[in-house]
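Colleague: Could you walk me through one part of this model in close detail? I'd like to know how it sits against its surroundings.

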Amino acid sequence: MKKLKLFIFLACLVIFYGCQSDLDHDQKESKAKKSIVTSQHTESELNNKKSMKQKTESEKSEADKENIEKTVYLTFDDGPTSATTDILDTLHQFDAEATFFMLEPSMKELPEAVDKIVEEGHAAGLHGVTHDIYHFYKSEQSALEEMTTAQETLKQIADVQSNLIRTPYGSVPYLTESYREVLDSNGFKVWDWNIDSDDWSLSGDQYVDTVIGQIEELVNAGEAPIILMHDKQNTADHLSKLLTYLAEHGFQTKKIEENTQPYNFNCYQRCHRLSTKE
Ligand SMILES: [Zn+2]
């Protein structure tokens, strides 16, 4: 009997220690699991941090990319004039490109300026002959003739065939659908603008601030600015201020190419023939 009790006691002892060691093992494993979880957790935090860092870097490179791809088109109308050389010199200083919509009589008057525009790698566009709405918009044919004449003169002077045109005062309201069709079927590409510098009426460097304000609005709307300026001395005198702003804000100036998708004012219901309402 005593032996049996002793056996039971020993058996219990063995079972107890056995359980105890299982328990220890479980606890150890659980601790280990916990530490794995902790380390996984830490790693996932690290991954998070890493991905956040990567995201920041990719966002940053997106921003850089955006900066690189921020395009602006500078356009100068009504030249060439005695101010053209100054405009060209300033553009050269900033390594900037521009497009000049020129008048036929002015090209004849200052052929060296036309040559210089082309030689320095800018785009030569056409602005017609008379700059007189009563003549230019008189009929589809008169608009076409003015642009064709300007095209031929440019070709003679600088050996450049340009189809880029800007009609006097922009395409709205007088360039109706039928005018657009005639110009289009003769290969001309009508270019309007989405920023009016008002440089013909503002004095000093005021036009630059006007332009900068509009650039910021357009960029927020995701559009590439096409700036209307004029080939005149006051514009030339303050052009470096505008180009400094553009350079500091990561804008890249581009000239309009023959194959650039033209930007036009939309007629909506605003276009009408000159003769019907004037
Ligand atoms: Zn003009």
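**A close look at helix 8**

Modeller: Helix 8 (residues 206–220) packs against helix 9 (residues 233–248) at an angle of about 35°, and their axes are 9 Å apart. Axes here are lines fitted to C-alpha atoms, for helices over the stretch in contact, with angles running from 0 to 180 degrees between N-to-C directions. Helices (H or I, at least four residues) and strands (E, at least two) are DSSP runs, numbered from the N terminus. Bear in mind that this is a predicted model: local features need pLDDT of at least 70, side-chain atom pairs count only at pLDDT 80 or more, and totals for chains, interfaces and linings use all residues. Residue numbers start from 1 along each chain as its sequence is written.

On the helix 8 side, Tyr207, Val208, Val211 and Ile212 make the contact, and helix 9 brings Thr235, His238, Lys241, Leu242 and Tyr245. Contact means C-beta atoms, placed from the backbone, within 7 Å. Sorted by type, that set holds 6 nonpolar, 2 polar and 1 charged (nonpolar is Ala, Val, Leu, Ile, Met, Phe, Trp, Tyr, Cys and Pro; charged is Asp, Glu, Lys and Arg; polar is the others, Gly among them).

Now for helix 8 itself. Its 15 residues reach 22 Å from first C-alpha to last, close to the 21 Å expected at 1.5 Å a residue (1.5 Å times one less than the number of residues). Tyr207, Val208, Val211 and Ile215 are buried, that is, 20 or more other C-beta atoms lie within 10 Å of their own; exposed is 12 or fewer, and partly exposed is in between. Looking down the axis of helix 8, those buried residues fall within an arc of 95°, so they line one face; the arc is that of the directions from the helix axis to the C-beta atoms. They pack against strand 6 (195–196), strand 7 (226–230) and helix 9. The face turned away from that buried side carries exposed Gly213, Glu216, Glu217 and Asn220.

Check the backbone on either side too. Just after helix 8, glycine 222 has a positive phi of about 75°. In the loop between strand 6 and helix 8 sits aspartate 198, which has a positive phi near 55° without being a glycine. With 15 C-beta neighbours inside 10 Å, aspartate 198 counts as partly exposed.

Technical notes: Two residues are in contact if their C-beta atoms, placed from the backbone, lie within 7 Å.
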